[in-house]
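Hello,

Here is the structure for you to look through. My notes on what was found in it come after it.

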Amino acid sequence: MSIQNAPLMQTYGRAPLTFISGKGCILTDSKGDEYLDALAGIAVVSAGHSNSFVAEAISKQAQKLQHVSNLFWTEPMALLAKKLRELTGGWGQVFYANSGAEANECAIKLARLWANNSKYKIICAEGSFHGRTLATLAATGQPAKWKGFEPLPIGFVHVPFNDLEAFANAIDDQTAAIMVEPIQGENGVIPATEDFLKGLRKLCDKHNIALIFDEVQTGVGRTGSWWAFQQYGVEPDIFTSAKALGNGLPIGACIAKDDFGQSFKPGHHGTTFGGGPLICSAALATLEYLEQENVIPAVNDKGSLIQELFSKIPGVIQVRGRGLMQAAILQEPIAKEIEKNAIEQKLIINAVRDNALRITPPLVITNEEIQLLAKRLNAAIEKTLHQ
Ligand code: PLP
C-alpha cells in the first residue's frame with residue numbers, strides 16, 4: 001500500500017510529501033531530500049524537530065510511568081502547572097486538555113460557570129479561529145467553516161476584530177465573556193492593536209465579564225514573550241495554550257486567574273488523557289529548553305530580520321506579524337501556487353489566505369536559515385509570477 005493512498009478521511013489537502021525525520025528546522029522526506037521548515041507543524045515545533053532535550057525527557061518518563069488518569073496526582077502535572085504559573089507572572093490555575101480546541105472548550109465552560117449560568121454569551125471576533133469542536137467552531141468567526149454542521153451551539157456573537165466600539169455595543173446582560181486571539185493566526189496573521197486589547201480589558205472590568213485570550217498559536221514564545229498578552233501589557237482572566245507547549249506532543253492548557261479557576265469543582269469538567277505524566281514531562285522539557293537556551297529573547301530580532309528581507313521581495317507588498325509569527329502579504333492572490341512552488345525550492349510555508357503566506361518557523365531558526373528562507377521564498381514567488 002502506498003503511504004499516500006492510506007485510508008484516511010479527506011479532511012486535509014495534503015501536499016505530496018512524506019516526511020521521515022527532522023532535526024532543528026530541517027525536515028527530510030522519503031526520497032532523502034531536505035526541506036527548510038518555516039511552518040513548524042503550524043507553530044508547534046518551537047524547540048526544533050526531534051529536540052534531544054525533549055526527546056530524552058519523553059523517553060525517561062515513558063520508562064517510568066505513562067498514564068494513571070486524573071483521579072490521582074503525578075509529579076509532572078504539578079511541576080508543569082507551577083512552571084506555567086511562574087511564566088504567567090505568578091498567577092494562574094491550570095486545566096490540562098489535549099488540544100487547542102479542548103483548551104478553548106474549557107475556557108468557554110469556565111466562563112459560563114463563573115458567570116453563574118445566568119450569563120452565557122461569548123463575544124468573539126469575525127475572522128477568528130478557535131477550533132473544530134462544535135462549541136469552538138461556533139466561537140470561530142468564519143461562517144464558511146460552519147456549513148454542514150449547523151445548528152451550532154448558541155450564545156456566540158461575532159463582531160469585527162480590532163473594533164472596540166462594536167465589542168462594546170455587543171455587550172448585553174447575558175454576556176459572560178469576550179474571547180479573542182491577540183494575533184489572528186488563521187485569518188492571515190492580523191495583530192490586535194494595543195488600544196483594542198486595553199479597551200477590552202476596561203470593558204470587561206466595567207461590565208464584570210471575563211476576558212479570554214486564545215493564545216493557542218501566539219503562546220510559548222512565538223511572538224517574543226511567553227504569552228503575547230505580556231507584550232500588550234493586558235492581562236486576561238482566562239487564557240489558553242496548546243500547539244508549541246509540548247513541542248509536537250498533544251497538550252492544551254486553560255489557565256485562569258484564581259477566582260475564575262476556583263469556579264470548577266469536582267465533576268464540572270474532565271478528560272482521561274489531559275495532564276498525563278508523559279505529556280507533562282514533554283511540555284516541561286520544552287519550556288525548560290526554551291528558557292535555558294535563551295530562545296525567546298532572540299525571537300523579536302529574528303522576526304525583524306524576516307520583515308526586512310521579505311519586504312525586499314518583489315510581489316510582497318507587506319510583511320505583518322510579531323516575532324516569529326509573520327505573514328508575507330502578496331500583491332496577487334497566488335499564495336497557494338507559491339506554497340506549491342516553494343516545495344520545489346525545498347521550503348515549507350503555508351498559504352493561510354489567498355494573498356497571505358504564513359511564516360511560523362521553529363523558534364530556534366538561525367539567521368543563516370532566515371537568509372536561506374528569504375532566498376527560497378523569493379525564487380518560489382518569482383517562478384509563480386512567471387509561470
Ligand atoms: N485557537 C487558535 C488560535 C488556533 O490557531 C488553533 C489551531 O490552529 C486552535 C485554537 C485549535 O487548536 P487545535 O487544532 O489544537 O485544536
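This is a predicted model: local features need pLDDT of at least 70, side-chain atom pairs count only at pLDDT 80 or more; totals for chains, interfaces and linings use all residues.

**Size and surface**

The protein chain exposes about 17,300 Å² of area (accessible areas come from the Shrake-Rupley method with a 1.4 Å probe, and for residues only the protein chains shown count as cover).

Residues are numbered from 1 along each chain as its sequence is written, and side-chain values use heavy atoms, with hydrogens and water left out.

The protein chain contains 13 helices and 17 strands (DSSP runs numbered from the N terminus; helices are H or I with at least four residues, strands are E with at least two). Its radius of gyration is 21 Å, close to the 21 Å that the globule rule gives for 387 residues, so the chain is as compact as a globular protein of that length. The radius is taken over C-alpha atoms, and the rule is 2.2 Å times the number of residues to the power 0.38. The C-alpha trace spans about 60 × 55 × 45 Å along its principal axes.

Of the 387 residues, 55% count as buried (under 20% relative accessible area, with exposed over 50% and partly exposed in between; 1.4 Å probe, protein chains only). Take the contacts (heavy atoms within 4.5 Å) between residues at least 6 apart in sequence: 70% of them join residues at least 24 apart.

The chain has 35 positive and 39 negative charges, and their mean positions are 2 Å apart. Lys and Arg count as positive and Asp and Glu as negative, while His and the chain ends are not counted. Each charge is placed at NZ of Lys, CZ of Arg, CG of Asp or CD of Glu.

**Strands**

Four strands make an open sheet with mixed pairing, in the order E1-E2-E3-E15 (two strands pair if DSSP finds at least two bridges between them). Strand E1 (19–23) and strand E15 (347–348) stand at the edges with a single partner strand each, so one side of each has no neighbour in the sheet. Within this sheet, strand E2 (residues 26–29) and strand E3 (residues 34–37) run antiparallel and are joined by three bridges. Ile 26 stands opposite Leu 36 of E3.

Four bridges join E17 to strand E14 (residues 325–330), running antiparallel, and Arg 358 is the bridge partner of Ala 327. E17 also pairs with strand E16 (residues 350–353), antiparallel over three bridges. There Asn 350 stands opposite Arg 358. E16 and E17 form a hairpin with two residues between them.

**Backbone details**

Which peptide bond is cis? The one from Glu 150 to Pro 151, with omega near 5°. Pro 151 lies in the loop between helix H5 (134–139) and strand E6 (156–159).

Ala 40 has a positive phi of about 55° although it is not a glycine. Ala 40 is in helix H1 (residues 40–43) and is buried, with a relative accessible area of 0%. Ser 69, also not a glycine, has a positive phi of about 90°. Ser 69 sits in the loop between helix H2 (52–64) and helix H3 (75–87).

Regards
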